[in-house]
Amino acid sequence: MKNLILILASTLLIACGARKVNKEDKTEDKTTVEVVTQKDSVNEVVNTEIKYNVETQEIEVTPIDSTKEFVVENKKYFNARIKIKNKKDNTIYSKDNKVSKTSLKRARTVTKETKKEKIKTVDKKEAKTLTFYLSLWIMLLILIVWLYKKFKSKLV
């Protein structure tokens with residue numbers, strides 16, 4: 001009889017339930033490569049050259065005696081002294097400007113991003129019959145107490 005009560009009690013105490021486990025592993029790899037190359041080259045050459053070629057001729061006529069006549073380049077002069085000066089001016093003005101600008105820019109960016117995500121979701125649902133089992137236990141307890149009192153004299 002005691003064994004029967006223990007078996008009934010153990011079956012009523014054990015409740016049914018459902019358990020659902022979701023495991024999810026996410027791995028996301030992201031690689032970004034950015035390459036920027038810029039090449040600028042400016043060459044500027046300015047040559048300035050100015051040449052002055054100037055020839056001047058100075059003729060100086062100084063009279064000595066006004067009674068005598070002489071002719072220079074189809075011109076008649078009377079008793080004069082002639083002084084001729086030839087001047088040459090060869091002036092060269094030169095200016096050289098050289099401007100050179102070179103710029104080179106290189107940029108390289110590599111970005112690696114790894115994202116790992118682990119998600120574990122547990123859904124535990126207990127049976128809705130728990131209240132039913134509890135009320136069954138109470139009724140069974142009342143029944144056992146009633147049977148014990150009724151058959152107490154026969155058992156002893």
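This briefing covers the fold, confidence, surface and selected contacts of one protein chain.

The model is predicted: local features need pLDDT of at least 70, side-chain atom pairs count only at pLDDT 80 or more, and totals for chains, interfaces and linings use all residues. Residues are numbered from 1 along each chain as its sequence is written, and side-chain values use heavy atoms, with hydrogens and water left out.

**Fold and confidence**

- The protein chain has three helices and four strands. Helices (H or I, at least four residues) and strands (E, at least two) are DSSP runs, numbered from the N terminus.
- Along the sequence the elements run α-β-β-β-β-α-α.
- Mean pLDDT for the protein chain is 79, and 82% of the residues score at least 70. pLDDT is the predictor's confidence in each residue, from 0 to 100.
- Confidence is lowest in helix 1 (residues 2–13), with a mean of 64. Strand 4 has the highest confidence, at 83.

**Burial, surface and contact range**

- The protein chain has 156 residues, and 3% of them are buried. Buried means under 20% relative accessible area, exposed over 50%, and partly exposed in between (1.4 Å probe, protein chains only).
- The accessible surface of the protein chain is about 15,300 Å². Carbon and sulfur atoms hold 54% of that surface. Accessible areas come from the Shrake-Rupley method with a 1.4 Å probe; for residues, only the protein chains shown count as cover.
- Take the contacts between residues at least 6 apart in sequence: 77% join residues at least 24 apart. Contact means heavy atoms within 4.5 Å.

**Nonpolar patch**

- Ile 50, Tyr 52, Val 54 and Tyr 93 make up a nonpolar surface patch. Together they have about 360 Å² of accessible area.
- Patches use residues with over 30% relative accessible area and no salt bridge; like charges are joined within 9 Å, nonpolar side chains (Val, Leu, Ile, Met, Phe, Trp, Tyr) within 5 Å.
- Strand 1 (residues 17–63) supplies the largest share of the patch, three residues.
- Val 54 lies in strand 1. Its relative accessible area is 39%, so Val 54 is partly exposed.

**Salt bridge**

- The structure holds one salt bridge. The term means a side-chain nitrogen of Lys or Arg within 4 Å of a carboxyl oxygen of Asp or Glu.
- Glu 58 pairs with Lys 87 in a salt bridge, with the closest N and O atoms 4.0 Å apart. Glu 58 is in strand 1 and Lys 87 in strand 4 (residues 80–126), so the pair ties together parts that are 29 residues apart in sequence.
- Side chains of opposite charge can pair when their charged atoms come close.
- Glu 58 is partly exposed at 38% relative accessible area. Lys 87 is partly exposed at 48%.

**Gln 38**

- Gln 38 belongs to strand 1. With 35% relative accessibility, Gln 38 is partly exposed.
- Leaving out residues up to four places away in sequence, Gln 38 touches Ser 103, Leu 104 and Lys 105.
- Gln 38 and Leu 104 are 66 residues apart in sequence, yet their C-alpha atoms are 5.8 Å apart.

**Thr 48**

- Thr 48 also sits in strand 1. Thr 48 is partly exposed, at 30% relative accessible area.
- Thr 48 touches Tyr 93, Ser 94 and Lys 95, not counting residues up to four places away in sequence.
- Thr 48 and Asp 96 are 48 residues apart along the chain, with 6.3 Å between their C-alpha atoms.
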